[in-house]
Amino acid sequence: MKAVLWSRDNCQWCERVKQLFAATNISVTEYKLDRDFTRHQFHEEFEEGATFPQVQIDNHYIGGCKDTLHHLQKLNLI
C-alpha cells in the first residue's frame, strides 16, 4: 500500500497518522505546507475549511486522521 499525506509542521494529528503508517509498514509520500504547497493550493484541492492532515491511500481519498484510523481498522491493519 502507498499513501500520500498532506501535512503541516507542529500538527499532532499529522504525527499520529505518520505513526499509524509506520506501524503498518505503509509507504508514505509526505507533502508539507509551505514547503511543497501553499494554503491556497491546499484549499483548492480539499475545499475551504479542510484541516490537516489529509490522506490518500492507493489513489483513494481517505480524509483526515480519524478517517484514516477507521479505514486502517476496516482493513484489519491495526
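In this report, a residue is called buried under 20% relative accessible area, exposed over 50%, and partly exposed in between, using a 1.4 Å probe and protein chains only. Asp36, with a relative accessible area of 39%, is therefore partly exposed.

The model is predicted, so local features need pLDDT of at least 70 and side-chain atom pairs count only at pLDDT 80 or more, while totals for chains, interfaces and linings use all residues. Residues are numbered from 1 along each chain as its sequence is written, and side-chain values use heavy atoms, with hydrogens and water left out.

## Salt bridges

Let's begin with the charged pairs. Side chains of opposite charge can pair when their charged atoms come close. Here a salt bridge is a side-chain nitrogen of Lys or Arg within 4 Å of a carboxyl oxygen of Asp or Glu. By this rule the model has 4 salt bridges, and the table lists some of them.

| Pair | N to O distance |
|---|---|
| Lys32 and Asp9 | 2.6 Å |
| Arg35 and Asp36 | 2.8 Å |
| Glu15 and Lys18 | 3.0 Å |

Arg35 is exposed, because its relative accessibility is 55%. Salt bridges that share partners also join Glu15, Lys18 and Glu30 into one network. Helices (H or I, at least four residues) and strands (E, at least two) are DSSP runs, numbered from the N terminus. Within that scheme, Glu15 and Lys18 both belong to helix α1, 3 residues apart, which is about one turn of the helix. Glu15 is partly exposed because its relative accessibility is 39%, and Lys18 is also partly exposed, with a relative accessible area of 23%.

The salt bridge between Lys32 and Asp9 links distant parts of the chain: Lys32 is in strand β2 and Asp9 in the loop between β1 and α1 (12–24), 23 residues apart.

## Two buried strand residues

Is Lys32 buried or exposed? Lys32 is buried, because its relative accessible area is 16%. Its strand, β2, covers residues 27–32. A contact means heavy atoms within 4.5 Å; not counting residues up to four places away in sequence, Lys32 touches Ser7, Asp9 and Phe37. The side chains of Lys32 and Asp9 also make a polar contact of 2.6 Å. A polar contact is a pair of N or O atoms within 3.5 Å; within protein, one must be able to donate a hydrogen and the other to accept it, and residues adjacent in sequence count only if both atoms are side-chain atoms.

Ser7 sits in strand β1 (residues 2–7) and is buried because its relative accessibility is 0%. Its side chain has a polar contact of 2.5 Å with that of Glu30. Setting aside neighbours within four places in sequence, the contacts of Ser7 include Lys32, Cys14, Tyr31 and Phe52.

## Loops, a hairpin and a cis peptide bond

Which peptide bond is cis? The bond from Phe52 to Pro53 is cis, with omega near -5°. Pro53 is located in the loop between α2 and β3. The C-alpha atoms of Pro53 and Lys32 are 9.7 Å apart in space, and these residues are 21 apart in sequence.

Strands β3 (residues 54–57) and β4 (residues 60–63) run antiparallel and are joined by 3 bridges; two strands pair if DSSP finds at least two bridges between them.

Asn10, in the loop between β1 and α1, has a phi of about 55° although it is not a glycine. Asn10 is exposed because its relative accessible area is 79%. Asn25 lies in the loop between α1 and β2, with phi near 60°. Asn25 is exposed because its relative accessible area is 71%.

## A helix residue and a surface patch

His43 is part of helix α2 (residues 39–46) and counts as buried because its relative accessibility is 18%. Beyond its neighbours within four places in sequence, His43 is in contact with Glu48, Gly49 and Ala50.

Ile78 lies in the segment after α3 (65–74) and is partly exposed, because its relative accessible area is 43%.
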